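Here are a few friendly notes to read alongside the model.

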Amino acid sequence: MSTVQGASPRQIVVVGNGMVGARFAEEVARLDPQGQRVHLTVVGTEPHPAYNRVLLSGVVAGDYTPEQIRLPVPETPGVTVRTGLTATALDTEQRTVTLDDGSHLPYDELVMATGARASFPPVRGVSAEDGRPGEGVTALRDLADCDRLLSLVRPGAPVVVLGGGVLGLEAARGLTGRGARVSVVESSPWIMRRQIDKPAAKILGRLYEDLGVSVHSWRVASRWVPGTGLEMDDGRVLPGDVLVVTAGVRGNIELVKDAGIDVEHGILVDDFLSTSDPRVHAIGDCAQHPGGGAGLVQPGWEQAAVLARRLTGAAPQARYNGSSPVTRLKAEGIELTSFGRVHEDDDAPDLETVSVSDPHGGRYAKLVVSQDKVVGAVLLGFPDAAATVSQLHDTGASVPADRLALIQGLPTAAPEQDTAGAPEALVCRCNAVTRTDIEQAWLDGARDRDAIASTTRATTGCGGCVRDVNALLAGLDSSDAAPVS
């Protein structure tokens, strides 16, 4: 598509320079490298460039430095990134955004990528009257939280994590790497209640206990006492010098809500990612789409790619139809993958369920099949099976007859089927990178993981595919693959 002779680029303003806003800018720069169609202005509240928030628990653990989780900044004439500025008002009639320095940004299209912020539960002592964290309390949503947490933690000292979801468990594992004595408190009947079933949670909890993390499920916090610890509803007090709150988030929707745009718990969007004002769009954790997707990076990046194609004119009718994200727990020494329909009744007439439980070995697998297709799985301690089952789910291929061998990671005879037109299995789901993409990058000279990441973006999302990419590279390095002529 070419730009009309003499026409000036359309002005797009992006409010939010997090993972999704930065990915949108990167996609626009790729589609319109000279800025002939659109000019993008990205505004971010934080003073530093965009970074991968998913890897903050790795910074806590000492596996990464803040510099190592930075995201690329487009260096093209069509993209301007302004950090350290907050949008304070939106005028949809004049189509302007007011910033906290008093300036105004006019727009032809506005993209809200404001993400979400930590939700502090109504527990005494957890937050002050002004809404800020109480003494010794922190969230883990941004680099400032990370810095605060690391300044509070001392080796050998007790820390309490309030929230036993993915972020809470990853934070707990990272804190043990810093030498802290960690307790996790979860109000649901079991940890990772939304992603895994109870038998898996029981084994996962035992693995965490072996790491030195004390897990307390089905417990409600009643009071945080600075310097003492967290008092629970049964009267027990868990010792803690620090309280890390990972008990949910709230979408940053106030700007558009005040402008009269439709919201619920997020900014309501359709398949075009447009709001009730067709000039205003929303992507990522602040957006509420009927197909879900908030809370995980993969759907947000898929939304960014769709909206970039639409607003640059590369594919005006591109749609986002929801996603089926995979959850991977990134905790050293623990391999956990889960997705899909894992909570439904095993006796449901349309489902076939196969489970393997090995508490002594710290392993658990559950495969849920409907009409010979994988519709859900929990795989703890079965990394080889996780890769295979995820691929079957991605491609919609029929599962082998020997379901038990499949979830144990053993060789199986694949059923005969027509694979013509079937999508290729993904290695990196966050960035939609296939095995073929990685093999081609290797043939083009990308011979280590950093080079593969730079070329394909694989491993730069949640980090869950690092093992698979490393294994693929090891296989390529030992093969006799000939260079492309």
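Is Ser390 buried or exposed? Please keep in mind that this is a predicted model.

1. Ser390 is buried, because its relative accessible area is 5%, which falls under the 20% cut-off. This serine belongs to helix H8, residues 383-395. Leaving aside residues up to four places away in sequence, Ser390 touches Arg328, Thr337 and Phe339.

2. Strand S21 spans residues 327-331 and is mostly covered, with 4 of its 5 residues buried. S21 pairs with strand S22 (residues 334-340) in the antiparallel sense, over 5 bridges. Within this pairing, Ala331 stands opposite Ile334 of S22.

3. The turn deserves a look of its own. S21 and S22 make a hairpin with 2 residues between them, and Gly333 in that turn has a positive phi of about 90°.

4. In soluble globular proteins, nonpolar side chains tend to be buried together.

5. Not counting residues up to four places away in sequence, Val97 touches a set of residues including Val13, Val15, Ala87, Ala89 and Leu90. Ser103, His104, Leu105, Tyr107 and Leu110 are also among the contacts of Val97.

Conventions: Residues numbered from 1 in each chain as written. Predicted model: local features only at pLDDT ≥ 70, side-chain atom pairs only at ≥ 80, totals over all residues. Heavy atoms only, no water. Buried < 20%, exposed > 50% of the residue type's maximum accessible area, 1.4 Å probe, protein only. Contact = heavy atoms within 4.5 Å. Pairing = 2+ DSSP bridges.
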